[in-house]
Amino acid sequence: MFERAGGTFGGDYAFDRYLVDLRGHQSLGRDMRFDVRARLGSTDGTLPSQYLYDLGGFSTLRGYRFKEFTGDRMLLFNAECWVDVNRFWSDYWFLDGVNLGGFLDVGSAWFSGDPPEGAESTGYLYKRDIKTSAGWGLDFEDFRIYFSKPASGKRDDWDV
């Protein structure tokens with residue numbers, strides 16, 4: 001996705017905004033699948049606050065607070081593996097259509113400009129900026145519930 005504001009279009013802001021979202025779904029047999037997503041975002045210019053990239057909470061970095069991390073640059077990677085539990089416990093009718101999954105989220109949102117003081121560079125990012133979370137979930141066909149925990153940082157609580 002590419003967005004442009006300002007320039008010949010006029011307006012209060014002038015910026016270019018880029019967002020790439022790549023997704024893949026791979027069957028690992030009759031009752032298993034592996035899902036991945038890579039998302040990259042960048043900007044040129046000054047963005048209004050509603051166009052900043054936010055990470056944290058469902059669909060991004062599960063285990064962290066909703067929109068806990070914000071910036072004009074962003075990278076995100078999500079990986080999930082789902083198993084149909086009815087395959088292993090077929091005697092229980094109430095487990096029909098229930099899937100059990102594990103996941104890993106890795107991402108960062110930051111503002112372009114000067115590096116954080118005392119941060120060790122890993123190229124464009126700095127080690128203290130990269131956040132990870134992991135956990136497991138239940139998929140009931142119509143909705144999912146996730147149990148997640150930050151794998152980086154000092155927080156040790158589970159998020160549902």
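Q: Which residue forms a salt bridge with Glu-80?
A: Arg-62 does, in this predicted model. The closest N and O atoms of the pair are 2.7 Å apart.

Q: Where do Glu-80 and Arg-62 lie?
A: Glu-80 is in strand E6, residues 73–84. Arg-62 sits in the loop between strand E4 (53–55) and strand E5 (69–71).

Q: Is Glu-80 buried or exposed?
A: Buried, with a relative accessible area of 11%.

Q: And Arg-62, buried or exposed?
A: Arg-62 counts as buried too, at 6% relative accessibility. The cut-off for buried is under 20%.

Q: What is the bridge partner of Asp-139 in E9?
A: Arg-144. Asp-139 and Arg-144 also both belong to the salt-bridge network.

Q: How many bridges pair E8 with E9?
A: There are 7, and the pairing is antiparallel. E8 covers residues 131–139.

Q: What is the strand order in the open sheet?
A: The order is E1-E2-E3-E6-E7-E8-E9. That makes 7 strands, with antiparallel pairing.

Q: Which strands stand at the edges?
A: Strand E1 (2–5) and strand E9 (144–150). Each has a single partner strand, so one side of each is left without a neighbour in the sheet.

Q: What about twist, how many degrees from one strand to the next?
A: The average is 15 degrees.

Q: Stepping back, how many helices and strands are in the chain?
A: The count is 0 helices and 9 strands. From the N terminus, the elements run β-β-β-β-β-β-β-β-β.

Q: What share of the chain is buried?
A: Buried residues are 36% of the 160 in the chain.

Q: What is the accessible surface of the chain?
A: About 10300 Å². Carbon and sulfur atoms account for 55% of that surface.

Q: On to the core. Which residues make up the largest nonpolar core?
A: It has 9 residues: Leu-19, Tyr-53, Leu-55, Leu-61, Tyr-64, Phe-69, Met-74, Leu-76 and Ala-109.

Q: Which elements give two or more residues to this core?
A: E4 and E6.

Q: What does Leu-55 touch, leaving out residues up to four places away in sequence?
A: Its contacts include Leu-61, Phe-69, Met-74, Leu-76 and Ala-109. Those residues are in the core as well. Among the other contacts of Leu-55 are Arg-65, Lys-67, Glu-68 and Gly-107.

Q: Back to charges. How many salt bridges are there?
A: The count is 13.

Q: Which residue meets Arg-23 in a salt bridge?
A: Asp-21, at 2.6 Å from N to O. Arg-23 is exposed, with a relative accessible area of 56%. Asp-21 is partly exposed at 30% relative accessibility.

Q: And which residue forms a salt bridge with Asp-31?
A: Arg-30, with the closest N and O atoms 3.5 Å apart.

Q: Asp-31: buried or exposed?
A: Buried, at 15% relative accessibility.

How values were computed: Residues numbered from 1 in each chain as written. Predicted model: local features only at pLDDT ≥ 70, side-chain atom pairs only at ≥ 80, totals over all residues. Heavy atoms only, no water. Helix = DSSP H or I, 4+ residues; strand = E, 2+ residues; numbered from the N terminus. Buried < 20%, exposed > 50% of the residue type's maximum accessible area, 1.4 Å probe, protein only. Areas by Shrake-Rupley, 256 points an atom, 1.4 Å probe, with all protein chains shown as cover. Salt bridge = Lys/Arg side-chain N within 4 Å of Asp/Glu carboxyl O. Core = buried A, V, L, I, M, F, W, Y, C linked by side-chain atoms within 4.5 Å. Contact = heavy atoms within 4.5 Å. Pairing = 2+ DSSP bridges. Axes fitted to C-alpha atoms, helices over the stretch in contact; angles between N-to-C directions.
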